[in-house]
Amino acid sequence: HVRQLYALVSETLRYASVLEKLLDGAALLQAEKKLAPQLAKVLVYDLLFGKGLKCGGRWKALARRHRARLEAELARMKVRHKVSRNEDLLAPEKAVSAAASQVPRYIRVNTLKTCVDDVIDFFKRQGYAYLGKAASLEDLKALSGKKFLLDLHLPELLVFPSQTDLHDNLLYTSGHIILQDKASCLPAFLLGPVAGSHVIDACAAPGNKTSHLAAILKNRGQIFAFDVDPKRVATMNTLLTRAGVTGCQLVQQDFLTVDPRDPKYSRVTHILLDPSCSGSGMVTRGPGEEAAPSTERLQALAGFQRRILNHALSFPALQCLVYSTCSLHQEENEDVVQAVLQEWGSAFRLVTAFPSWPCRGLAAFSGAESCLRASPAETLTHGFFVAVLERCKERATPPSSLPRAAKENPQPGEGTEPGAAPKKRKKKKRVK
């Protein structure tokens with residue numbers, strides 16, 4: 001229930017200004033002088049905007065007693081603002097922000113169903129011009145019209161101009177390609193589990209990262225994908241089925257309630273943790289919605305993130321964990337990682353993730369540069385944060401800075417996938 005409560009509080013904060021106007025217009029606090037303003041906002045949000053009141057007793061009775069007055073005030077607000085939907089009462093949003101217009105359209109080739117070469121040939125037949133592998137971000141910025149490139153960092157990522165719409169493309173509707181921002185591809189790529197591994201995707205919906213993990217594993221191994229919301233689990237099931245994912249167990253459960261000592265998770269060596277966050281790095285959002293969350297909200301988010309990261313690290317066979325957010329705020333990123341690493345002492349260490357990546361973690365603590373960040377200005381992606389944590393071992397060798405796939409960075413046609421083991425060369429027999 002922790003995540004459900006967090007979601008309710010987060011949405012209440014998002015509608016805070018609307019709720020304040022509703023409370024004033026309906027004079028609820030004047031009528032109920034013992035009712036605290038914050039509790040009143042939560043009750044009114046759940047009554048008018050949420051999934052209905054879940055509480056019982058006198059609070060439910062109180063809210064229902066004023067329901068007609070509150071609904072009437074909500075209707076008057078919509079008339080005054082000339083809107084028909086509740087969402088339209090929020091701060092006005094631009095259809096596409098300036099940052100979003102700079103970010104290209106990225107597509108991840110789903111190697112469970114096809115390969116990079118075949119996808120490139122398909123788009124060529126549709127009239128697109130393939131320009132080869134990008135050499136720099138400037139190549140991505142220069143894209144226009146019906147031209148596309150192979151990304152300079154990720155070997156199965158194709159890059160199109162930002163205005164490209166591929167939602168109706170046959171490759172997308174059939175699950176051969178995944179429309180996924182480059183920054184969102186980094187967590188699974190850097191986790192890099194080898195085929196046969198047991199992996200947890202702790203906050204999995206809608207499932208793009210889960211399908212990426214399955215592709216890296218080549219559908220060999222086991223993925224446990226958690227989400228508490230039944231609708232999101234149903235959506236994830238549809239997406240994963242379309243992508244050809246097998247060996248993935250969807251679990252409708254709050255990850256915080258999962259017992260790390262349960263025998264079914266005894267072989268889990270890799271965890272991808274992308275918890276709820278402020279979403280401040282999502283450039284397609286309007287500037288007023290998530291750009292400046294309150295201090296209280298950031299503290300609540302950071303507390304939840306520390307707790308769930310600590311829980312993830314408690315799985316006994318865990319060897320590697322990737323923690324990521326689509327947030328720009330230090331409180332949700334470097335501060336969370338630092339606090340949890342301090343709690344675990346020498347049990348885990350930060351791995352230097354993607355050394356060639358240009359945007360590093362903020363200098364919040366010694367070693368924070370091992371983390372990476374992404375942003376529209378510096379990496380032409382959504383805003384993102386990624387940290388790779390590895391269990392320390394006795395006589396440990398220096399931590400690997402990249403999964404095997406990232407080191408080899410194969411080109412189309414080489415047949416190497418993320419997480420694949422290098423092929424052994426056969427010894428030639430000597431001719432006597």
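**Ground rules**

Before anything else I wrote down that buried means under 20% relative accessible area, exposed means over 50%, and partly exposed lies in between, with a 1.4 Å probe and protein chains only. My second note was that this is a predicted model, in which local features need pLDDT of at least 70, side-chain atom pairs count only at pLDDT 80 or more, and totals for chains, interfaces and linings use all residues. Residues are numbered from 1 along each chain as its sequence is written, and side-chain values use heavy atoms, with hydrogens and water left out. Helices (H or I, at least four residues) and strands (E, at least two) are DSSP runs, numbered from the N terminus.

**Entry: two residues with positive phi**

I started with the loop between α12 and β7, where I found Asn219. Its phi is near 60 degrees, a positive value in a residue other than glycine. Asn219 counts as partly exposed because its relative accessible area is 23%. Lys218 sits in the loop between α12 and β7 (222-227) too, and its phi is also near 60 degrees. With 32% relative accessibility, Lys218 is partly exposed. I made a note of both since most residues other than glycine have a negative phi, and most peptide bonds are trans.

That sent me looking for a cis bond, and I found one between Ala205 and Pro206, with omega about 5 degrees. Pro206 is in the loop between β6 (198-201) and α12.

**Entry: helix α11**

Next I went along α11, residues 182-191, and asked how many of its residues are buried. I got 10 of 10, so I wrote "mostly covered". Among them are Lys182, Cys185, Phe189 and Leu191.

What caps the N-terminal end of this helix? I found Asp181 there, with a side-chain oxygen 3.1 Å from the backbone nitrogen of Ala183. After α11 comes Gly192, whose phi is positive, near 50 degrees.

**Entry: Arg108**

I then picked Arg108, in strand β1 (residues 105-109). For charges, I count Lys and Arg as positive and Asp and Glu as negative, leaving out His and the chain ends. A salt bridge is a side-chain nitrogen of Lys or Arg within 4 Å of a carboxyl oxygen of Asp or Glu. Arg108 is buried but has no salt bridge. The nearest side chain of opposite charge is Glu156, 6.5 Å away.

What I did find was a polar contact of 2.8 Å between the side chains of Arg108 and Ser211. A polar contact is a pair of N or O atoms within 3.5 Å; within protein, one must be able to donate a hydrogen and the other to accept it, and residues adjacent in sequence count only if both atoms are side-chain atoms. I also listed contacts (heavy atoms within 4.5 Å). Leaving aside neighbours within four places in sequence, Arg108 is in contact with several residues, including Glu156, His176, Cys185 and Ala215.

**Entry: salt bridges**

- Glu138 and Lys141 meet at 3.5 Å, N to O. Both lie in helix α9 (residues 137-141), three residues apart, about one turn of the helix. Lys141 is partly exposed, at 47% relative accessibility.
- Asp274 pairs with Lys209, with the closest N and O atoms 3.6 Å apart. This pair links distant parts of the chain, 65 residues apart: Asp274 is in the loop between β9 (268-273) and α14 (295-313), and Lys209 is in helix α12 (residues 208-217). Both are buried.
- Arg232 and Asp227 meet at 3.4 Å, N to O. Arg232 is partly exposed at 39%, whereas Asp227 is buried at 2%.

**Entry: cysteines**

Last, I checked for disulfides, meaning pairs of cysteine sulfur atoms within 2.5 Å, and the count came to zero. Cys115 is partly exposed at 31%, while Cys320 is buried at 11%.

Which cysteine carries the UniProt feature "active site"? UniProt, in an unreviewed entry, puts this at Cys326. I kept in mind that UniProt positions are given in the numbering used here, feature names are shortened, and annotations may be inferred rather than shown by experiment. Cys326 lies in the loop between β10 (320-325) and α15 (334-344). It is buried because its relative accessibility is 16%. Not counting residues up to four places away in sequence, Cys326 touches Cys277, Gly279, Ser280, Gly281, Met282, Gly383 and Phe384.
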